Amino acid sequence: MSASVLLGLFFAVCCAVVALLGFLLKQRGAVDAPDVQWRAPVRSTVALFANRWWTLGIIVAMAAWVFHVAALALAPISLVQSVIAGGLVLLTPLADKVFHIKASRREWIGVALAAAGLALLAATLEGGAEHAYDSFEAATLWTYVAVLAAAAVACCVAVLGDTPRAGVVLAVSAGLLWGGSDVTIKAVAADLGTDGLWTLLTFEALVITVLSLVGLVVSARSLQLGPAVAVIAITSAAANVVTIASGPLVFGEPLPDGGGALAVRLLAFTLVVFGAALTPGPAVPEPEPARA
């Protein structure tokens, strides 16, 4: 493994820890802020930033974003995301011990299984530790990002009216949007060293901005509707699955040969899905019995 990739993975560790702290701070701010209104996204965003915990969470999340960009510029996206995914196991201890958000045993197990599955998924991508694997075909990149964005919109439409499972479904939507943003960041990260600030004026930068901001509003609403640990875990799992998958699908990272590796990869996906399913959504209140 090259020195640059090792440095990239160190930045990924920093990103994992700081991102979770930012997420938990944003959750505290979101539940104290007025409900997000889909028809007034700008007003809702302003109301969110009026809450000091949300604003602090965004500042911390921006620091995590800087670490993420640095990691993606130096290491393969699948390895970066595997480290960040492994950091998901810190979610329940941080939520419980630092933020006093009680997690059920089912949520502890679900988060651990999802993190293990994500890490195992990335571990089945071999030969990716020598350089950053940052070449791609533009058509493949934009098709992949468009599919993620369309799936995210479909999730939002499916829970219009704040259905009982809206929190966790919107968490998936936010994860897909941020996953699309991360994939696009990977596509432009290699140009930062040569183009510098000019990179901010590209079409890719516009896509990153739009996906990130829309994901921010969707994530805020998911945090308002769903249980904190479940929503954060599902958002992280959705984002990590699609970014890990982009390694071989978009950036040409090699896959291992043999049926054994395929079986391990299927097991990894099963762990992610099962772990996410264990983190429950909000309980649906039972109807009161009719009075005689």
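Is the crossing of H1 and H5 right-handed or left-handed? The crossing of these two helices is right-handed, where right-handed means that the near helix is turned clockwise from the far one by less than a right angle, and left-handed means anticlockwise.

## About the model

This is a predicted model, in which local features need pLDDT of at least 70 and side-chain atom pairs count only at pLDDT 80 or more, while totals for chains, interfaces and linings use all residues. Residues are numbered from 1 along each chain as its sequence is written, and side-chain values use heavy atoms, with hydrogens and water left out.

## H1 with H5

Helices here are DSSP runs (H or I, at least four residues), numbered from the N terminus. The axes of H1 (residues 3-32) and H5 (residues 91-98) come within 10 Å and cross at roughly 50 degrees. Each axis is a line fitted to C-alpha atoms over the stretch in contact, and angles run from 0 to 180 degrees between N-to-C directions. H1 and H5 are therefore oblique to each other; angles under 35 degrees count as roughly parallel, over 145 as roughly antiparallel, 65 to 115 as roughly perpendicular and the rest as oblique.

On the H1 side, Leu20, Leu21 and Leu24 meet Leu91, Leu94 and Ala95 of H5, contact meaning heavy atoms within 4.5 Å. By class, this contact has six nonpolar, no polar and no charged residues. Ala, Val, Leu, Ile, Met, Phe, Trp, Tyr, Cys and Pro count as nonpolar, Asp, Glu, Lys and Arg as charged, and the others, Gly among them, as polar.

## H7 with H8

The axes of H7 (residues 138-158) and H8 (residues 166-189) come within 8 Å and cross at roughly 165 degrees, so H7 and H8 are roughly antiparallel to each other. H7 passes H8 in a left-handed crossing.

Among the H7 residues that meet H8 are Trp142, Tyr144, Cys155 and Cys156; their H8 partners include Ser173, Gly179, Gly180 and Thr184. By class, the contact of H7 with H8 has 16 nonpolar, four polar and no charged residues.

## Cysteines

Searching the whole structure for disulfides (pairs of cysteine sulfur atoms within 2.5 Å) gives zero. For Cys15, the nearest cysteine sulfur is that of Cys14, 8.7 Å away; for Cys155, it is that of Cys156, 6.9 Å away.

Cys15 is buried, with a relative accessible area of 4%, and Cys155 is buried at 16%. Buried means under 20% relative accessible area, exposed over 50%, and partly exposed in between (1.4 Å probe, protein chains only).

## Thr235

Thr235 lies in helix H11 (residues 228-250) and is buried, with a relative accessible area of 1%. Leaving aside neighbours within four places in sequence, Thr235 is in contact with Phe23, Ala171, Ala174, Gly175 and Trp178.
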